[in-house]
Amino acid sequence: MNIALADLLGGIRDRKALLGIVDTIERTEAMRNNGRRRTPEKRAMLAGIDARTHAVGVEPLSWTDGSI
């Protein structure tokens, strides 16, 4: 089954309206993953990825809070 992205997004907008969810800049920012709740294991994994990217000369992705 193929669903067009426009149809999927339209359904999401309809469900949000039905539930009374209003998208605001503040709500969107509050939902962003800023990394403050990362586990030590995930921080270590991300540090390893960062080290490997530096070792091969690839520019790593920047993290939203400036740290891993």
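Student: In which helix does Leu 5 lie, and is Leu 5 buried or exposed?

Tutor: In this predicted model, Leu 5 lies in helix α1, which covers residues 5–19. The cut-off for exposed is over 50% relative accessible area. Leu 5 has 57% relative accessibility, so it counts as exposed.

Student: What kind of surface patch includes Leu 5, and what is its accessible area?

Tutor: Leu 5 is grouped on the surface with Met 1, Ile 3, Leu 8, Leu 9 and Ile 12. These residues form a nonpolar patch, and their accessible area together is about 660 Å².

Student: How many helices and strands does the protein have, and in what pattern?

Tutor: Along the sequence the pattern reads α-α-α. The secondary structure therefore comes to 3 helices and 0 strands under the DSSP-run definition.

Student: What percentage of the residues is buried?

Tutor: Buried here means under 20% relative accessible area. Of the 68 residues in the protein, the buried share is 10%.

Student: What does helix α3 span from its first C-alpha to its last?

Tutor: Helix α3 runs over residues 40–55 and has 16 residues. At 1.5 Å a residue, the expected reach is 22 Å. The model comes close to that expectation, with a span of 22 Å.

Student: Which residues of α3 are buried, and why do they line one face of the helix?

Tutor: The buried residues of α3 are Leu 46, Asp 50 and Thr 53. Viewed down the helix axis, the buried residues fall within an arc of 65°, so they line one face of α3. On the other side, the exposed residues are Pro 40, Glu 41, Ala 44, Arg 52 and Ala 55. The names asked for are thus Leu 46, Asp 50 and Thr 53.

Student: Where is Thr 39 found, and which backbone nitrogen does its side chain reach?

Tutor: Thr 39 is found in the loop between α2 (25–31) and α3. Thr 39 is partly exposed, with a relative accessible area of 41%. At 3.1 Å, its side chain reaches the backbone nitrogen of Lys 42.

Student: Which residue follows α3 with a positive phi?

Tutor: The phi of this residue is near 80°. The residue is Gly 57.

Student: How many salt bridges does the structure hold?

Tutor: Side chains of opposite charge can pair when their charged atoms come close. Asp 23 forms a salt bridge with Lys 16, the closest N and O atoms being 2.9 Å apart, and another with Arg 27 at 3.5 Å. Arg 32 and Glu 29 meet in a salt bridge at 2.8 Å, N to O. The structure holds 3 salt bridges.

How values were computed: Residues numbered from 1 in each chain as written. Predicted model: local features only at pLDDT ≥ 70, side-chain atom pairs only at ≥ 80, totals over all residues. Heavy atoms only, no water. Helix = DSSP H or I, 4+ residues; strand = E, 2+ residues; numbered from the N terminus. Expected span 1.5 Å × (residues − 1). Buried < 20%, exposed > 50% of the residue type's maximum accessible area, 1.4 Å probe, protein only. Arc of directions from axis to C-beta. Patch = residues over 30% accessible without salt bridge, like charges linked within 9 Å, V, L, I, M, F, W, Y side chains within 5 Å. Areas by Shrake-Rupley, 256 points an atom, 1.4 Å probe, with all protein chains shown as cover. Salt bridge = Lys/Arg side-chain N within 4 Å of Asp/Glu carboxyl O. Polar contact = N/O pair within 3.5 Å; in protein donor to acceptor, adjacent residues only side chain to side chain.
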